[in-house]
Amino acid sequence: MASTQNLKEAAGNHSSWESLLPDFPKGPLCKYRKKASFNWKEMAVLIEGKDIIQFKNRIFSALESDPLFAHHPGEELSREKYQELTFLRCKRIFEYDFLTQQEIIENPLKIFHMVLCIGMYDWSPCIQYMLHCGSFGGTLLSTSERFADFVEQIYRMKVFGCFALTELSHGSNTKGIRTTATFDRNTQEFIINTPDFEAAKFWVGNMGKHATHAVVYAQLYTPDGQYQGLHSFLVQIRDTKTLLPIPGVMIGDVGRKIGQNGLDNGFAMFHNVRIPKENILNIAGDVTTEGKYSSSVKDVKERFSAALGSLSSGRIAITAVSMTNLKLALSIAIRFSAVRRQFGPTDDEEIPVLEYQTQQWRLLPYLAATYALDYFCKSLFENLAEFYLGLLTKQKSQRQADLGREIHALSAASKPLTSWTAQQAAQECREACGGHGYLDMNRLGEIRNDNDPNCTYEGDNNVLLQQTSNYLMSWMDCIRDKVPFESPFGTINVLQDYHHILGWKFKAISVEDCMDSSVPLAAYKWLVCYLLRESDLKLSKEKQSGRSDFEAKNNCQVYYCRSLAIAFIEQTVLQRYHDYTHDPNIPSTLQPVLKNLSALYGLWSLSKHLAVLYQGGYASGEQAGRFIQNAILELCYRLKDDAVALVDVFAPPDFILNSPIGKANGELYKNLWGEILQGSKTLNRPSWWAEFCINRPVTGRLKSKL
Ligand SMILES: CCCCCCCCCCCCCCCCCCCCCCCC(=O)SCCNC(=O)CCNC(=O)[C@H](O)C(C)(C)COP(=O)(O)OP(=O)(O)OC[C@H]1O[C@@H](n2cnc3c(N)ncnc32)[C@H](O)[C@@H]1OP(=O)(O)O
Ligand SMILES: Cc1cc2nc3c(=O)[nH]c(=O)nc-3n(C[C@H](O)[C@H](O)[C@H](O)COP(=O)(O)OP(=O)(O)OC[C@H]3O[C@@H](n4cnc5c(N)ncnc54)[C@H](O)[C@@H]3O)c2cc1C
């Protein structure tokens with residue numbers, strides 16, 4: 001549903017938008033801006049609302065005016081300097097204190113807008129901040145009152161935190177974690193121990209150089225020798241006055257990474273480190289003074305879910321981080337494509353590369369995906385806020401448990417979908433900008449490399465998709481027995497009509513028929529039901545042929561459960577975006593372009609499943625596939641004149657985007673040339689000039705004499 005406030009503001013008077021969103025400088029992009037079918041400012045107000053636009057402007061201009069955030073063209077920072085700068089910038093975010101508690105309560109979505117604005121500038125300080133306030137602080141905040149005073153220290157940056165789950169030899173398999181926490185009744189302490197280096201905590205963001213405290217996951221043992229499963233503990237790892245390691249803790253940095261090098265990812269080994277009894281995060285279980293394990297959650301599996309529950313918010317955060325990378329990459333590639341000219345119908349008339357069908361087809365579906373995923377992220381964050389409120393208020397209802405399961409299933413698939421889409425888009429945008437896309441200063445390499453770990457951390461994408469398909473498969477008994485069911489956010493309610501939907505067929509009889517997202521949406525509903533049925537059948541067959549549960553599940557992933565999880569999340573994104581774009585309250589000036597985006601996202605995503613649509617009998621004959629392909633091309637064509645304005649809606653200011661070829665004035669060559677000449681060493685003779693001019697090589701001097 002469209003936000004009523006945003007609808008009112010979009011319908012409001014145009015002059016009030018002007019001060020919020022100043023016009024772009026005149027230049028080569030004006031040609032496309034004039035051709036747009038809608039007013040980009042009206043669209044921005046509809047999508048974000050004035051309050052958020054003002055809030056974002058406040059953050060962007062604070063960063064732009066602050067020398068700590070100044071760009072230094074042509075300068076290459078060492079890793080150590082970059083880590084220092086990242087920390088100083090993170091500290092500055094605390095000094096700005098952009099959000100009051102009251103603002104967070106009134107609109108929790110502002111937290112995410114704030115961090116994403118900072119991430120648009122550079123992901124390193126943003127992720128450092130999120131790990132500290134979100135993964136570390138948020139986990140303690142939602143645990144119990146016991147940590148209230150400590151949480152105060154987190155948000156005042158008196159301590160600095162990290163989240164330590166992964167070990168050198170175990171990441172995805174969290175049950176395989178080998179760090180131990182043994183309760184000592186005599187001293188009322190837990191003893192945290194790393195059995196050997198393969199069980200060292202590894203990859204932990206902030207741990208490498210500066211975190212003072214960690215949420216450490218460990219296997220709990222009570223004094224009776226009983227193993228109580230995976231739990232988390234608050235452990236001090238460095239002295240807050242000296243940043244030297246606490247006795248018994250060996251900590252270090254894992255080294256240079258492919259991206260995000262401002263962040264210090266680290267490792268730690270604990271040699272019988274003692275922590276107070278109160279430092280167990282009593283989310284699902286606790287230990288009494290006598291050393292007895294107590295838990296209100298009787299089921300071991302449920303305790304495990306609760307111990308890992310805080311990962312869902314991280315996965316939703318990463319969904320939003322990836323979607324933001326789409327915005328950055330597309331802003332650059334589309335502005336470039338609208339100005340860059342190559343070839344033309346006549347020798348003396350070259351046309352912008354955006355006019356080429358191939359360029360449109362390579363970029364515009366990602367633009368449509370950005371709009372659909374942006375809307376989805378916000379709706380998912382609202383779902384998370386509802387779940388989080390329940391956690392904070394200690395809800396123990398069945399609904400709260402169901403919310404947790406659904407949030408887990410959604411976040412375990414939304415992270416893969418969005419991070420992979422951004423990964424592919426960043427590469428496509430890089431190539432779409434030709435050689436200039438490969439220049440570091442144009443930022444597409446940085447976006448691609450910084451996005452890359454989104455596919456791995458907070459759970460490897462392929463592993464996470466199994467969680468979503470497990471959740472979907474868990475409804476099969478209800479479906480078979482025709483027992484009514486529903487989920488709190490309604491995302492699985494489509495399965496209520498499973499038997500009926502399986503009889504559906506592709507019905508469109510022309511390309512024009514396919515130009516609305518209702519067509520791909522219907523196909524997706526069938527696809528989800530079909531893949532669910534096939535996955536279930538495959539699992540039964542595997543079991544019947546004598547395979548163990550483990551083997552059977554493993555043999556059902558490729559083409560079955562994995563595809564099911566992907567189809568489900570794409571269908572969910574499309575359903576929400578379709579409903580939004582077809583809301584009768586959307587201004588008529590914006591609805592046509594929004595509907596085109598929705599249709600393009602739906603058809604383009606669906607086109608990757610064409611083989612299955614035919615295989616399962618939903619589509620038959622040549623026409624269905626041809627209609628879908630032609631509709632995609634037609635939508636790309638219809639959207640190409642809107643593309644620049646659509647990017648203007650979400651592109652951050654030039655200072656933040658920091659890409660000469662992506663600047664809002666479209667002066668591609670002037671911007672690029674200017675930036676190159678600003679480099680402090682661009683025109684210098686190399687410092688090693690004498691190696692050529694004086695120390696000439698003696699050809700063959702080192703040739704083997706054998
Ligand atoms: C001013 C500012 C204030 C801000 C404060 C406000 C705070 C608001 C909170 C916002 C938080 C924002 C956080 C931002 C963070 C952004 C960080 C970005 C940078 C990234 C850093 C990276 C950090 C990391 O990588 S941490 C390490 C992550 N590691 C993993 O994710 C490991 C992946 N593996 C697993 O999770 C599991 O082992 C899994 C899921 C593969 C399961 O393995 P297994 O096969 O052993 O178990 P199952 O049998 O499948 O599961 C049993 C049972 O449990 C259920 N379950 C599992 N996980 C969850 C879960 N997370 N939630 C709920 N339920 C879960 C599972 O479904 C099963 O249930 P059944 O019903 O039995 O099927
Ligand atoms: C930049 C970065 C920052 C990180 N920050 C943190 C942090 O702050 N805190 C923290 O605790 N961790 C952190 N991590 C670790 C991260 O969470 C793990 O890397 C992630 O959970 C994946 O685990 P793994 O590396 O052990 O991969 P593995 O589990 O070893 O996976 C290797 C491959 O095997 C495949 N695979 C594994 N299991 C299965 C299966 N059952 N079925 C099919 N295929 C499978 C995977 O798909 C993958 O391709 C970070 C990682 C990175 C890269």
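**The ligand shell and two further features**

Mentor: In the shell around ligand 1, 15 residues are nonpolar, 18 are polar and three are charged. Please keep in mind that this is a predicted model.

Trainee: Which helix supplies the largest share of the shell around ligand 1?

Mentor: Several helices each supply at least two residues of this shell, namely α9 (123-141), α11 (300-308), α12, α14 (398-432) and α16 (461-473). The shell holds 36 residues, and among the closest are Gly134, Ser305 and Gly459. The largest share, eight residues, comes from α9.

Trainee: At what angle do helix α12 and helix α25 pack?

Mentor: Two packed helices are described by the angle between their axes and by the distance between the axes. For α12 (residues 311-339) and α25 (residues 643-650), the axes lie 9 Å apart, and the angle is about 145°.

Trainee: Is the crossing of α12 and α25 left-handed or right-handed?

Mentor: On the α12 side, the contact is made by Lys327, Leu330, Ser331, Ile334, Arg335 and Ala338, and on the α25 side by Ala643, Val644, Val647 and Phe650. These residues divide into seven nonpolar, one polar and two charged. The crossing of α12 and α25 is left-handed.

Trainee: Which residue of β8 is the bridge partner of lysine 201?

Mentor: An open sheet of three strands has the order β4-β8-β7, with antiparallel pairing. Its edge strands are β4 (201-205) and β7 (249-253). Strand β8 (residues 265-270) is joined to β4 by three bridges. In β8, the partner of lysine 201 is alanine 268.

Conventions. Residues numbered from 1 in each chain as written. Chains lettered and ligands numbered in written order. Predicted model: local features only at pLDDT ≥ 70, side-chain atom pairs only at ≥ 80, totals over all residues. Axes fitted to C-alpha atoms, helices over the stretch in contact; angles between N-to-C directions. Helix = DSSP H or I, 4+ residues; strand = E, 2+ residues; numbered from the N terminus. Left-handed = near helix turned anticlockwise from the far one by under 90°. Contact = placed C-beta atoms within 7 Å. Nonpolar A, V, L, I, M, F, W, Y, C, P; charged D, E, K, R; others polar. Pairing = 2+ DSSP bridges. Near = placed C-beta within 6 Å.
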